[in-house]
Amino acid sequence: MTTQTFSVEIPADPGPLKQLGTAFARIGAMCLVELQKLRHDRTELITRAVQPTLWLLVFGQVFTRIHAIPTGNTPYLDFLAPGILAQSALFIAIFYGIQIIWERDSGVLSKLMVTPTPRVALVAAKAFASGIRAVVQALAVMVVAALLGVHLNIEPLHFLGVVAALVLGSACFCCLSITIAGLVLSRDRLMGIGQAITMPLFFASNALYPVQLMPGWLQVINHINPLSYEVEALRGLLVGTPARLGLDFGVLAVAAAIMISVAAALLPRLARG
């Protein structure tokens, strides 16, 4: 009696560098998908650009005329424009969790979860895809601002910094939305919570007025609000106001990394929900 033996080949460990390369490839693919969505539905960009345009046309023009908010040597419209850029990116990102709930309901998320792609890479792909969308919309808002006479510095290095600030800020708030989605598991609840926190985040930042005009308790909130650091970076790069760019980008990068980790930890719960 003879016994047959079979050899089973165990696939070699791909190693951290190959896993990292795979993760970046997945992130790039998700960003490409987002750009394709924009190409097929350009009307969404137009409709989403209406609100920031109204802020510049109505709020900016009125407060420029009455000189209600002191901004030093910087015209108020110039001071406001970077804040509106950050606001438009926030409004896109904070409701991004609705899309991932839709993907769960349609079965797409469960298919993504069984792929070898790490959960962190899946969430990061969503986060940076929202950043791509925010940058495209910001370009439309910048065109409107320029037509209104806002003096924007669009030198290549400054523009790359603007893109980086918008992407990091959008990644942070997109993952905040995914985190909320992982907790509430419902589109309706997410919509309600998103609407409840969007305006407080906006008004508790330096987007509309200098920090010095805020009461003490609001200044404390401003200092822990990632949107404030995004606005400061955008204002420093586009308008030339004083900015702590190292601190601003450091805070945005850390906030984005923390929120990506938290959202990735809640992704399995969202997929089961």
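Here are legends for a few close-up views of this predicted model.

**View 1. How confident is the predictor, overall and piece by piece?** Let's start with the scores, since this is a predicted model. The average pLDDT over the protein is 85, and 88% of the residues score at least 70. Which elements sit at the two ends of the scale? Helix H2, residues 42-48, has the lowest mean pLDDT of the elements, at 68. Helix H11 has the highest, at 96. Keep H11 in mind, as this helix turns up again in the next view.

**View 2. The largest pocket, with H11 in its lining.** This pocket has a volume of about 410 Å³. There are 18 residues lining the largest pocket, and Asn206, Val211, Gln212, Glu232 and Pro242 are the closest to its centre. Two helices give two or more residues to the lining: H10 (216-223) and H11 (226-238). Which of the elements gives the most? That's H11, with four residues. Now sort the lining of the largest pocket by class: you get nine polar residues, six nonpolar ones and three charged ones.

**View 3. Helix H4 packing against helix H8.** Here H4 (residues 76-93) meets H8 (residues 156-184) at an angle of about 35°. The axes of H4 and H8 are 8 Å apart. Left-handed or right-handed, how does H4 pass H8? The crossing is right-handed. On the H4 side, look for Leu85, Ala89, Leu90 and Ala93. They meet Leu166, Ser170, Phe173, Cys174 and Ser177 in H8. What kinds of residues make up this contact of H4 with H8? Seven are nonpolar and two are polar, while no charged residues take part.

**View 4. A cavity inside the protein.** Rolling a probe the size of a water molecule over the atoms is a handy way to see where empty space is left. By class, the lining of the largest cavity has six nonpolar residues, one charged residue and no polar ones.

Technical notes
Residues are numbered from 1 along each chain as its sequence is written. This is a predicted model: local features need pLDDT of at least 70, side-chain atom pairs count only at pLDDT 80 or more; totals for chains, interfaces and linings use all residues. Side-chain values use heavy atoms; hydrogens and water are left out. On a 1 Å grid over the protein atoms alone, a cavity is a set of points where a 1.4 Å probe fits but cannot get out, and a pocket is an open set with protein on both sides within 12 Å along at least five of seven lines; lining residues have an atom within 4 Å of a point. Grid points are joined across faces, edges and corners, and a volume is the space filled by probe spheres set on the points. Ala, Val, Leu, Ile, Met, Phe, Trp, Tyr, Cys and Pro count as nonpolar, Asp, Glu, Lys and Arg as charged, and the others, Gly among them, as polar. Axes are lines fitted to C-alpha atoms, for helices over the stretch in contact, and angles run from 0 to 180 degrees between N-to-C directions. A crossing is left-handed if the near helix is turned anticlockwise from the far one by less than a right angle, and right-handed if clockwise. Contact means heavy atoms within 4.5 Å. pLDDT is the predictor's confidence in each residue, from 0 to 100.
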